[in-house]
Amino acid sequence: MTSGISEEFTRGPMPARLAVGVISAGRVGTALGEALAQAGHVVASCTAVSDASVSRAATRLAEARILPPTDVAAVSELLILAVPDTELPGLVRGLAACGTVRPGTIVLHTSGAHGISILAPLTEIGVTPLAVHPAMTFIATSEDTARLPSSCFGVTAADEVGYAIAQGLVLEMGAEPVRVSEEHRVLYHAALAHGANHLVTLVADAVAGLRSALRGNELPWQEPVGDTPRGLPERVIAPLLSAALDNALRHGRGALTGPVARDDAETVARHLAALEQVDAELATGYRALARRTAQTAGAGEAMFEVLNGGQPG
């Protein structure tokens, strides 16, 4: 169990064994269904349309029958709505209109940006609405389920009973529940997206710069630098990135190093010139992040002059 979970969380009643339905068997839905099945719940049904989702359901939700959404809703005590944010409002309205969701059903969606208000059409017919979002990235393999115990879940409910149910489900998956108020769901999700999604872009840009810097200079026993992942550039930067992330999480902004932190405007200008020769967009990305770093580091006027397109004074 995660060390950050307090005794208050672990003392609450755990949910009874539930008949679980998953709409749909995408990356998130499959991982949560698999984790709940491992905890003893019965994942009895799911929806799956694409070949990939049908395959996931067959291999990782083996006891689940593939049914239309209305049929999944009709046989579920816990109904998981794991569809993209853009599809969630229409799905909720459709399920409410068709009348197959029974009062008393626990309806849980996995959207990070939405709270429980989006479930209002179903709440009106007597369901228990939950917003339960895993703060994790998913790659559509069983690794996703294995990572859940190291994750936190942002949970939002209508009342203490709902929070107890959400908390119990998350704990059963081995993860840590974190309360997120309805009004702060978007901020919560924005912070996660800013950290995780933009990190991927940042790392990809850094690796692209390294590929250009290292290509053609490999030692005889090293493979040539190519354009596919897991090569020499990734090996060069991986330990640095891992250390930087660890330091940032443990020390905050005090972990910042490098030319912007040192207020070395001349080096930053040279960086920008070198990146421009490889790809102007790389330089644009560097400039934007360096400007934000300079603001938090309290850099001098010369640094901002460089970042705004000038030369160091």
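Biologist: Where does R230 lie?

Modeller: R230 lies in the loop between helix 9 and helix 10, where helices are DSSP runs of H or I of at least four residues and strands are runs of E of at least two, numbered from the N terminus. This is a predicted model, in which local features need pLDDT of at least 70 and side-chain atom pairs count only at pLDDT 80 or more, while totals for chains, interfaces and linings use all residues. Residues are numbered from 1 along each chain as its sequence is written, and side-chain values use heavy atoms, with hydrogens and water left out.

Biologist: Is R230 buried or exposed?

Modeller: R230 is exposed, with a relative accessible area of 80%; exposed means over 50%, buried under 20% and partly exposed in between, using a 1.4 Å probe and protein chains only. R230 is not a glycine, although its phi is positive, at about 70 degrees.

Biologist: And what about Q222, where is that found?

Modeller: Q222 is found in the loop between helix 9 (185-214) and helix 10 (232-251), and it counts as buried because its relative accessibility is 18%. A polar atom of the Q222 side chain lies 2.9 Å from the backbone nitrogen of L219.

Biologist: What is phi of D263, and where is its place?

Modeller: Phi of D263 is near 60 degrees, a positive value in a residue other than glycine, and D263 sits in the loop between helix 10 and helix 11. D263 is partly exposed, with a relative accessible area of 36%.

Biologist: Switching to packing, at what angle do helix 11 and helix 12 pack?

Modeller: Helix 11 (residues 265-278) and helix 12 (residues 280-297) pack at about 150 degrees with their axes 6 Å apart, where axes are lines fitted to C-alpha atoms over the stretch in contact and angles run from 0 to 180 degrees between N-to-C directions. Helix 11 is therefore roughly antiparallel to helix 12, a term for angles over 145 degrees.

Biologist: Which residues make the contact?

Modeller: From helix 11 they include V268, H271 and L272, and from helix 12 they include A280, Y286 and R287, with contact meaning heavy atoms within 4.5 Å.

Biologist: Last one, which peptide bond is cis?

Modeller: The bond from I23 to S24 is cis, with omega near 10 degrees, and S24 is found in the loop between strand 1 (19-23) and helix 2 (27-38).

How values were computed:
Angles under 35 degrees count as roughly parallel, over 145 as roughly antiparallel, 65 to 115 as roughly perpendicular and the rest as oblique. A polar contact is a pair of N or O atoms within 3.5 Å; within protein, one must be able to donate a hydrogen and the other to accept it, and residues adjacent in sequence count only if both atoms are side-chain atoms.
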